[in-house]
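Me: Can you walk me through this one? I'd like the overall picture, then some helix packing.

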Amino acid sequence: MFPQFVDKPFRLQLSFYKIIEGLEETAATDNGWKGIRAQQLLQRVAQHPELREGITSEEQLTENADLIHDLLEELFPEPLTLNEIKAVSIPYQALIFNHTKRFKNILADAGTAFEVNIRDFDDMQLYVLSCCVILSRVYGTVLDFKKPMFYDIPTVDGVIKHYRILYNADFIELFPTERAPKLTPVEINELMDNYSNIDLWKEKFPPGSYIIKGFGLMTLIDVTIENALSVLKSSLLSNYSAPDVKKDLISIFRSMFGIPDLQMGFTLFDNNEHKFIHSRFGPDLPSFLLPYQEAHTGEELFCGQSYQCVIRESAYFAVSDVNKYIRQNPGNDLGQHFKSQGVQSFILAPVIKEGVLFGILELVSSRSRELNSVTANKLEIVMPFLVDTIDRKMHEMQNRVQAVIQEHYTTLHPSVYWKFRREAQNFIESANGGLAYALKEIKFKDVYPLYGQVDISESSVTRNLSVSTDLGNQLKQLILILEELDKVDMQTAIEKILFDLKTFAAELTKSIRADTEQFIQHYIETRIHPLLAAVTTKQSLKAKIDDYFEQSDALTGEFHANRRNYDKTLSLINQKLATILDNRQAEIQEFYPHYFERFKTDGVEHNMYIGATIAPDKEFKPEHLHRLRLWQLRVIAEMEAEQFDLKSILPYQLGVTSLILVFSTPIAIRFRMDEKHFDVDGAYNIRYEVIKKRIDKAHINGTNERITKQGKITIIYAKAEEEAEYLNYIAILQNAGVLANDVEHFEVEELQGVAGLKALRVGLIHNQNLLAQRSSNYNHLYKQLDQNLKPADI
């Protein structure tokens, strides 16, 4: 008995009776050479009746191997034996014989230790599918149980080739034995609903209960590339880790190109920094293109021909012989770089989607000619999937980077985002590799600070006035209600409460402290409101109480009207100022990237930092600082003018004062992880922060006059050259009709820890011509600045 058919639903009688019957017919009807050949074969078959009745053991099969080969000659034509991959087999079984020469060569290359097994096909599946064959052949049950089946067979070099299996069962018949149960439709339906219940299948189809007589044909088709593409899609769509994906990809590419030791690399292109960098998808995906761990631009990495091909034309670049390439391109670093890594042929394939370069796929071989411009075209079928996957991975990476930044930093200005992104990428790459990583401090050295503020004048006084007016009105109404309540309710101790309320009202007419509002409001809500809510006696008094509570509503009541007007005034002013600043900031960022942040308080203040370390890919020149300083002076003038125009429609017609602090010494700034914002770094640089915090309330030296004044811009400086520089800016804006000609010069009073400061104060011109410029840019001012600056200044 064939060991392959132990514990199977049928016993095998390997028979060639259909072939023999065909020979008998040919011998009886054909008088030519076919008839003679048929007679000769029949004479040989007569000596081996098992060929008709059925071979039942491997020994019989071996003894009749030559005769079987001759019987099947028409099915296995000799001219095709090196082309077809074909053999005799029973569907789904491991019994295979009478191979074509090509099939034999494939198995010989695989080695004697290799066993042919159907991919992802276990004993349970084999049994069930064998039963399904019986259901189809014997019972006529319509079952679409076929699915693609594959052999994975290694070559002599170890490259895995993939073959699709096709069965031909035309020469097979099935017969039930006395052990085969007769199945009812109900039982068949039960089987169809229980594919995985092997015990049920064995109950209905006991082992050996059917006889399979005849033989089958098996043909293999090389589908290595198609299979590789299918596996590639599965791998790329999965959530495997980067090492798993890389392992699958290398195996796939080795199968596709037939190179057992082919290596793969990937070089990522950072579109933000316009440089090629090492992949962020994991530490196991190397870059053969990049030397060491450095980032390079395309011009630095590629020579003229490869740059034109890969970057300009987005085409594959293949070198089949590195040594020849070096000889033909003397002084070419690209060829030497690959040769130093033991590479003798390579393909560089740009990964591009919708015009955006993601990176370069690298395939390399240690032997020349194995990779070339012809084989590079095999990539055409896989690149669309690679492109979509890398696009997806890039978006996932961006989301993770953004999450790290949001968690560890905060919302960041675009000018410095690149440095935080790089640190977040290092953090994620280390995490992908299972390594611990401590986020580094983000610092920018040698940057020039610019500070400015537009402060709402008399805001504190106005706030106190609105509070005292609202509370006074509320207390007045409460006193009237309680006095009337005292007349109708003698049992409640109202006199003490009335005394307290009248005391509060008197104090409000004199002064108001920081906690006055909260103290009085708490007293009213805890001592008086419960008392009023309990009143049920006099109807007219109840109506007054209800009206009181209605007017106490913070959103609609009259007792909060002045405070709402104050809040509305501040909101409108701040919104107008911030909108102007933000819109103008977007314009100036185009000239040179710089860090910018603004804050809304009682007005709007802003910080800016500019320098080479913030935009390392751009050349920083002093003229960039000059232009930003002129921009700052002009935009503050615009903010003042717009607020002046807005004043007439405000509930409180408040004005603003403006101040600019000039600090010409470069400083260092550091992102403070605890407070999620930038701050100056180093003891010397602290002086800048001290000046910022103390300057706005300072006075002109020797007077009681504040250095800031409505309708004027105050510029604080310390050096004579700073004064000269800003007088130049003032002159430009005076010429443009923005600033008045009344420039004041004075010294600032000595502050705690700060001495020697001076100031310029210049008035603004408020007219419709200035407001008409609100939609225009400042380019004409920059041209005037460039003309005024001497070469020595630049």
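Reply: A definition to start: buried means under 20% relative accessible area, exposed means over 50%, and partly exposed is in between, with a 1.4 Å probe and protein chains only. On that basis, 48% of the 794 residues of the chain count as buried. This is a predicted model, where local features need pLDDT of at least 70, side-chain atom pairs count only at pLDDT 80 or more, and totals for chains, interfaces and linings use all residues. Residues are numbered from 1 along each chain as its sequence is written, and side-chain values use heavy atoms, with hydrogens and water left out.

Me: How many helices and strands does the chain have?
Reply: There are 27 helices and 22 strands. Those are DSSP runs numbered from the N terminus: H or I with at least four residues for helices, E with at least two for strands.

Me: And what share of the contacts comes from residues 24 or more positions apart?
Reply: They account for 68% of the contacts with a separation of 6 or more. Contact means heavy atoms within 4.5 Å.

Me: OK, packing. At what angle do H22 and H23 cross?
Reply: Roughly 150°, with the axes of H22 (residues 561–589) and H23 coming within 10 Å. The axes are lines fitted to C-alpha atoms, over the stretch in contact for helices, and angles run from 0 to 180 degrees between N-to-C directions. H22 and H23 are therefore roughly antiparallel. The cut-offs are under 35 degrees for roughly parallel, over 145 for roughly antiparallel, 65 to 115 for roughly perpendicular, and oblique for the rest.

Me: Which residues make that contact?
Reply: On the H22 side they include Leu572, Ile573, Leu577 and Arg584, and on the H23 side Arg627, Trp631, Met639 and Leu646 are among them. By class, the contact has 11 nonpolar, two polar and five charged residues. Here Ala, Val, Leu, Ile, Met, Phe, Trp, Tyr, Cys and Pro count as nonpolar, Asp, Glu, Lys and Arg as charged, and the others, Gly among them, as polar.

Me: How does H23 sit against H25?
Reply: The axes of H23 (residues 622–646) and H25 (residues 720–735) come within 10 Å and cross at roughly 55°. That makes H23 oblique to H25. Among the residues in contact are His626, Leu630 and Leu633 of H23, with Tyr726, Tyr729 and Ile730 of H25. By class, this contact has seven nonpolar, two polar and three charged residues.

Me: Switching to H24: which residues are buried there?
Reply: In H24 (residues 686–695), those are Tyr688, Glu689, Ile691, Lys692 and Ile695. They cover an arc of only 160° around the axis, so they lie on the same side of H24. The arc is that of the directions from the helix axis to the C-beta atoms.
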